[in-house]
Structure formats: structure tokens, C-alpha cells
Amino acid sequence: MRNTGDQGSAAEANQPVDGGGYGPASPSETDGTSQKKSLGVDLCLSHPELILTEAIESSPDVTVRPEQMVSDGTSRFLVIEAAGETLDQFETALARDSTVCDLIVLDWTETNRVYRVEVADSAVWVMPSLVRAGGRALDIEATGGQWLVHAQFRSRAALSQFRSECAERNITFRLDRLYWTSGEANAGACGLTADQQVALETAHREGYFDVPRGISQAELADKLDISPSAMSQRIRRGMDQVVESELGLSDE
């Protein structure tokens, strides 16, 4: 599913191990060598007070991606991009969502909008806990009331620590995929995220880029079990990344 270089099977990775709780032991844990592998994981997180949960539950076809979180010392502000067919409905729910306030529309098209919101003090946001535990988020999106996180952890113990923190806060934690991966392959080809690479590889294999097209975007979305809007976003973002990487372009 992913180009992760030296990757074990999902079944092997999910075997519990004494002390760590997840996956096969890494080289550094068994023979004392330096850390050469990281732990790749796909997680699904949910909780009624997780940030934006009310809004994303209102419009299951809308996919939300956080772009930026900043703080001025007294308030936290979040910039998000929302893509889907029911954005008016989503925006109404976003304005009522108790986890955020002070909604501002920064940019909009027919199927995409960018918002800035202020994060309420009561909102639950797990990324600080993930980083504190020794992980980093590689790709995050929310849809249907759940946050889907593709992340990297330095060790099984780091992942176990993050899961424990989620449990302490009653956050539902579902581990969908786990594997050891070499750092060199972590970003994927051309700097693509894993989801973008899978989307583009599937689109190419199924003839999406052929003339005429061999498959529709909606059919591709069904194959990957994601919404059409999420498929559209992954292809668009992925193609933009490929063009930028291959042509040596930069936004700066």
C-alpha cells in the first residue's frame, strides 16, 4: 500500500512484544546498533470534544485538513481547509461548534474553503501529546467525526506512551496500520505523503489519467474507501507536489 522501503507485514507489526506493546523489535532494541528505523502508523482518533468534531459530524462528505496552528500567548488560532459538496451545511455547523469560535472565511471556491477559527479552551487537541511522546504527524485529515492521522514514532514505547495519554483523556484510539520503515523512504516519492502516493499510483494504474479516462474519480474513491472530495484533494495536492518537485519549483 505504501512505498516504505524496508517494510514488514501488518500482521507481523501488530504482534505484541514484552515491554513495548507494539510491533517487532527494532534493530536498536535487539543488538545495540544506532536507531535506523522509525515506526509508521495509521491512527483513527475520536472523542466528542476533539476539536471540530461537531462540525465534521454534520457533513460526512466534507474532508477537513488543518494547515496551521498558532498562538499569540493568550489565544490559539487554527487555519483549516475544507473540501466537499455540502460546504454551506458544514460552515453553518462550524459556526456553532463549541470547540471553536470567531470564524473567518479566508478563501473559497465551489468545493473548497479555507477558514480561520479560534480554538476554545475546552477543545481537545492531541498533536502536542503526540509530539511530546516522540512522534510527528505526517498527514492529518478529519471526516465523518473522526481524525485520521498518519504518523511516525521513534519507538514502540513512544507509541505506547501516546496511546496511554489518549486513554487517560478517554479518546478512542484505533490502530489501523503499523510497520517499521527506514527514514529515507518516509516521505515517499517526490515528497508525497503516503496517502497522496497511494492515490496517484491507483489513479495511474486504473487509467484515470488516460484519454479518455478509464475510471472516474468517484470510482477511485470507492476503491480506496474514501469520499470523492478526499480523493479529489489527494490527487490535486499530490500532482502539485510532483510538479513542484520534478520542475524544481517553490512557493517562495
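Biologist: I am starting with V64. Which residue in strand 3 stands opposite V64?

Modeller: In this predicted model, V64 faces A82 of strand 3.

Biologist: In what sense do strand 2 and strand 3 pair, and over how many bridges?

Modeller: They are antiparallel: residues 63-71 form strand 2, residues 76-83 form strand 3, and eight bridges join the two.

Biologist: What should I look for in the hairpin of strand 2 and strand 3?

Modeller: Look at the four residues between the strands, where G73 has a positive phi near 100 degrees.

Biologist: Now the helices. How are two packed helices described?

Modeller: You give the angle between their axes, together with the distance between the axes. Here, helix 8 (residues 217-224) packs with helix 9 (residues 228-247) at about 100 degrees, and their axes are 8 Å apart. An angle of 65 to 115 degrees counts as roughly perpendicular, so helix 8 and helix 9 are roughly perpendicular to each other.

Biologist: Which residues meet where helix 8 packs with helix 9?

Modeller: Helix 8 brings Q217, L220, A221 and L224, while helix 9 brings P228, M231, S232 and I235. Sorted by class, this contact of helix 8 with helix 9 has six nonpolar residues, two polar ones and no charged ones.

Biologist: Leaving aside neighbours within four places in sequence, what is R234 in contact with?

Modeller: With those neighbours left aside, R234 is in contact with E141, D195, Q196, A199 and I226.

Technical notes:
Residues are numbered from 1 along each chain as its sequence is written. This is a predicted model: local features need pLDDT of at least 70, side-chain atom pairs count only at pLDDT 80 or more; totals for chains, interfaces and linings use all residues. Side-chain values use heavy atoms; hydrogens and water are left out. Axes are lines fitted to C-alpha atoms, for helices over the stretch in contact, and angles run from 0 to 180 degrees between N-to-C directions. Angles under 35 degrees count as roughly parallel, over 145 as roughly antiparallel, 65 to 115 as roughly perpendicular and the rest as oblique. Contact means heavy atoms within 4.5 Å. Ala, Val, Leu, Ile, Met, Phe, Trp, Tyr, Cys and Pro count as nonpolar, Asp, Glu, Lys and Arg as charged, and the others, Gly among them, as polar. Two strands pair if DSSP finds at least two bridges between them.
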